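Morning, everyone. Please bring the structure up on your screens, and let's walk through it together.

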Amino acid sequence: MLQGKSILLGISGGIAVYKAAELLRLFVKAGASVHVVMTENAQRFVTPLTFQALSNNPVGCELFSMQSESQISHIQKARLPDLVVLAPATANLMAKMAAGIADDLLTTILLAATAPVLVCPAMNVKMWEHPATRRNLRTLTELGYKIEPPASGFLACQEEGAGRLAELCDIFESALRLLTPPTLAGRSVLISAGPTREYFDPVRFLSNPSSGKMGYALARIAARRSAKVVLVSGPVSLDCPSGVERVCVASALQMRDAIVELSAQQDAIVMTAAVSDYRPSELSAQKIKKSAEGFSVRFEPNPDILASLGQTKPPGQVLVGFAAETQNVFENAKDKLIRKNLDLIVANDLAKEGAGFGLDTNQVKIIGRNREPIDLALMTKDEVACEIWDRVERLLSGGEN
Ligand code: PMT
C-alpha cells in the first residue's frame, strides 16, 4: 500500500512515544521508507536505538550534529518525504508550530517541509482543553496541517477525557488518505454491505453468510480517494472505516428505506449487500415454542432495491450491482445488468476458491454495457474495490462502460 513512499515520523516527548514504535512498524510493513526525527524530550521516553532498529534508518536527533548534517542536511530532510506524521504531537510542539518557532531539528524541518503534515496530538485532557491549545489547533488547521484528533478514555495521568493518541489504525488510514490521489474528491457515494435479517420471531431470522468485507473495502477505498461516503450496512462485526458515515439496518425493508432516502444525492451507488429476496409473511410476537409437529413459515418477496434504483436513477448517476452466482455466471449477471438498468455489474462466482462470502479475497468479472467484460485475478477485496472505483471514476468523467 505504501510501496515507494517516504514518510518522516516526527516524535515529541509524551508517554505515547512508545506507541510511535508500533506506528512505525505499520508504515514499514506497508512498504514505506520511514525516517524518524525525535525531540530531546521524546528521547527520554524511548531511545532512538529502538526507532533506528525498526526503521533501518538513522534517527535524527540534533540540529547541530556535524556528522548527520554532513550526510544529509535538515533542509534536504524536509524535502525528502511524501508525508510527515507527527505522533505523538505534544502541546509544546503544537504551540511552536503555530508560532513558527524553529529551535530544534524537528521544528526546523517542519518549517521547511513541503509535504502534507499529519498532526496526531496526545496530552493530558486539561492541556488539550486549554484555550491556548485550542487556539493553536485552529491556527494549525488554518495553516493547512491535517489533524488526527486524540481519542477519549483513561489517560496515563490517571484522568479521564480526550487526549489519548488516536488509534494507530486511524492514524494509518489518515496517512494513506493523504498519500492517495483524491480522484473521488467532491463526489458522494453510497455503498450497501452485509446481509439482511428477516425475523419470524423475536430471536430467529432468515439470513446469509455475508460478512460485509466486500462492501466495507469499497467504502474504505472510496474514503481514501476523498469521496464523501455513506455505508448502509446490515448486521456485521466490522468497525466502520474511518472517514465513512455508517447507517446500520437489519431487514431488507429498513435497508430499502435508508437507501431510497439518500439515493438522489449520490454520484454513485454500489450495492454489494446480500439482500434477502424473501421475508416471513408473519412475525410472531413471542418466541415460537418447540413442538413435535414442527412448524412452517410462509415467505413473501422483498422489494428489489437495486431494480427500483435503476428505475429512478437521476442523469449522470453511476449504478453498480453485484451478482452472486453459482451457475451461468456471465449470462445471469448480464441479465441483471440489463433488467435492473445498471451501468456495471460485478459477477461473483461463488463456486470459485477464494471468492465470495466471508473471505478477505475475491475473484470477480466486471461487466459493462458496451465494453468487453474484464476477468480479474484472485486478489484482496481492497484490490477488487480499487478496480471497481477505477471504472466508476471513468464513467463519472463521461467514459464508456
Ligand atoms: O460480504 P462478504 O462476506 O464480503 O461477501 C461479499 C458478497 C459475496 C456478498 C458480494 O460480493 C456479493 O456478491 N453481493 C451480492 C449478493 C447478492 O445478493 O446477489 P444477487 O445476485 O442476489 O443480487 C443482485 C444485486 O441486486 C445485488 O447488487 C444485490 O445487492 C441487489 N438486490 C438483491 C435483492 C434485493 N431484494 N434487492 C437488491 O437490491
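Find Lys381. An N or O atom in its side chain sits 2.7 Å from an oxygen atom of the ligand. Keep in mind that this is a predicted model.

Now, how much of the ligand does the protein bury? On its own, the ligand exposes 770 Å². The protein buries 95% of that.

Next, the backbone. Look at Ala273. One of its backbone N or O atoms is 2.6 Å from an oxygen atom of the ligand. Then look at Thr272. Here a polar backbone atom lies 2.9 Å from a nitrogen atom of the ligand. So much for single distances. How many residues surround the ligand? The count is 27. The closest are Ser211, Ala273, Lys336, Asn348 and Gly358.

Zoom out now. Which residues make the contact? Domain 1 gives 4 residues, and domain 2 gives 5.

What about area? Between them, the two domains bury about 480 Å². Carbon and sulfur atoms carry 42% of it. On the domain 1 side, three names matter for the area: Glu173, Leu176 and Arg177. Together they supply 89% of what domain 1 buries against domain 2, more than any other three residues.

Stay with Glu173. What does it pair with? Arg224, in a salt bridge. The closest N and O atoms are 2.7 Å apart. Between the two domains, the salt bridge count is 1. Polar contacts come to 3 residue pairs, both residues at pLDDT 80 or more. By class, the domain 1 side of this contact has 1 nonpolar, no polar and 3 charged residues.

That's my tour. Questions, please.

Technical notes. Residues are numbered from 1 along each chain as its sequence is written. This is a predicted model: local features need pLDDT of at least 70, side-chain atom pairs count only at pLDDT 80 or more; totals for chains, interfaces and linings use all residues. Side-chain values use heavy atoms; hydrogens and water are left out. Contact means heavy atoms within 4.5 Å. Buried area is the accessible area (1.4 Å probe) that two parts lose on being put together, summed over both. A salt bridge is a side-chain nitrogen of Lys or Arg within 4 Å of a carboxyl oxygen of Asp or Glu. A polar contact is a pair of N or O atoms within 3.5 Å; within protein, one must be able to donate a hydrogen and the other to accept it, and residues adjacent in sequence count only if both atoms are side-chain atoms. Ala, Val, Leu, Ile, Met, Phe, Trp, Tyr, Cys and Pro count as nonpolar, Asp, Glu, Lys and Arg as charged, and the others, Gly among them, as polar. A residue is near a molecule or strand if one of its heavy atoms lies within 4 Å of it. Accessible areas come from the Shrake-Rupley method with a 1.4 Å probe; for residues, only the protein chains shown count as cover.
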